[in-house]
Amino acid sequence: MLFRSLARRLGRTWLDADVELERSLRTSIADLVAVRGEAAFRDEESALLAILLAAEDVVLATGGGAVLRAANRELLRRHGGLVVWLTAPADVIRGRLAADPVTARSRPALAGSDPLLEVDAALAAREPLYRECAAITIDTAVTPPREAAEAIARHLGRADAGGSSAAPGGGRSP
């Protein structure tokens with residue numbers, strides 16, 4: 001919702017990397033991981049990320065695990081433009097995932113357990129990687145989507161508004 005709103009505000013196209021991956025492979029990420037494994041999923045994710053980051057005039061929401069590979073973090077830094085890290089405490093993320101009807105069928109349990117139980121470990125592992133990439137951080141537990149979109153747009157106004165940007169676990173905005 002946040003990046004869709006930001007894209008409208010900026011007159012840009014909004015893309016969700018996970019949706020684009022599922023569309024291009026004609027399968028859910030959960031099924032991809034179940035059949036081919038997490039490494040194959042991350043390979044596909046990396047290949048698509050390179051393509052999506054080459055696009056102009058887009059706001060791109062990446063999957064939260066896009067930062068796990070060093071090559072992806074380099075792509076985000078070099079070609080992502082403004083990288084925005086959307087944060088929230090683990091309990092807030094678990095609540096959002098539990099309330100999302102798509103989670104159960106599309107979000108894989110990468111460690112073999114329930115994805116809701118993996119949130120704490122995933123955040124701990126990914127936090128330094130997000131920090132490595134992000135130009136700005138927004139706590140979505142306390143910042144409503146409209147205010148977050150306004151903050152990003154203001155930041156873009158101070159930066160090169162003609163470029164692109166990406167956010168691990170969130171979105172890429174121009």
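Residues are numbered from 1 along each chain as its sequence is written, and side-chain values use heavy atoms, with hydrogens and water left out. In this predicted model, local features need pLDDT of at least 70 and side-chain atom pairs count only at pLDDT 80 or more, whereas totals for chains, interfaces and linings use all residues.

**Exercise 1. Determine what the protein contains and what share of its residues is buried.**

Step 1. The protein has 9 helices and 6 strands. Helices (H or I, at least four residues) and strands (E, at least two) are DSSP runs, numbered from the N terminus.

Step 2. Of the 174 residues, 42% are buried. Buried means under 20% relative accessible area, exposed over 50%, and partly exposed in between (1.4 Å probe, protein chains only).

Step 3. Contact means heavy atoms within 4.5 Å. Of the contacts between residues at least 6 apart in sequence, 74% join residues at least 24 apart.

**Exercise 2. Identify the elements with the lowest and the highest mean pLDDT.**

Step 1. The pLDDT is the predictor's confidence in each residue, from 0 to 100. Its mean over the protein is 85, and 82% of the residues reach 70 or more.

Step 2. The lowest mean among the elements, 42, belongs to strand β6 (residues 171–173), and the highest, 96, to helix α4 (residues 38–53).

Step 3. Residues 160–165 have pLDDT below 50, and this stretch has 20 contacts in the model beyond near neighbours in sequence. Where pLDDT is low, the predicted coordinates should not be read in detail.

**Exercise 3. Describe how strand β2 is paired and covered.**

Step 1. Strand β2 (residues 58–61) pairs with strand β1 (residues 13–16) in the parallel sense, over 4 bridges. Two strands pair if DSSP finds at least two bridges between them.

Step 2. Within this pair, Ala-61 of β2 has Asp-16 opposite.

Step 3. Val-58 and Leu-60 are buried on one side of β2, and Val-59 and Ala-61 are buried on the other, so that both faces are covered.

Step 4. Thr-13, in strand β1, is partly exposed at 45% relative accessibility. Leaving aside residues up to four places away in sequence, Thr-13 touches Ala-7, Asp-57, Val-58 and Val-59.

**Exercise 4. Describe the packing of α3 against α4.**

Step 1. Two packed helices are described by the angle between their axes and the distance between the axes. Axes are lines fitted to C-alpha atoms, for helices over the stretch in contact, and angles run from 0 to 180 degrees between N-to-C directions.

Step 2. The axes of α3 and α4 come within 7 Å and cross at roughly 130 degrees.

Step 3. Angles under 35 degrees count as roughly parallel, over 145 as roughly antiparallel, 65 to 115 as roughly perpendicular and the rest as oblique. The two helices α3 and α4 are therefore oblique to each other.

Step 4. Ile-29, Leu-32, Val-33 and Arg-36 in α3 meet Glu-38, Ala-40, Phe-41 and Glu-44 in α4.

**Exercise 5. State whether Arg-42 and Arg-26 are buried or exposed.**

Step 1. Arg-42 belongs to helix α4 and is buried, its relative accessible area being 6%. A polar atom of the Arg-42 side chain lies 3.5 Å from the backbone oxygen of Gly-65.

Step 2. Arg-26 is located in the loop between α2 (17–25) and α3 (29–36). Arg-26 is exposed, at 78% relative accessibility, and its phi is positive, near 55 degrees.

Methods. A polar contact is a pair of N or O atoms within 3.5 Å; within protein, one must be able to donate a hydrogen and the other to accept it, and residues adjacent in sequence count only if both atoms are side-chain atoms.
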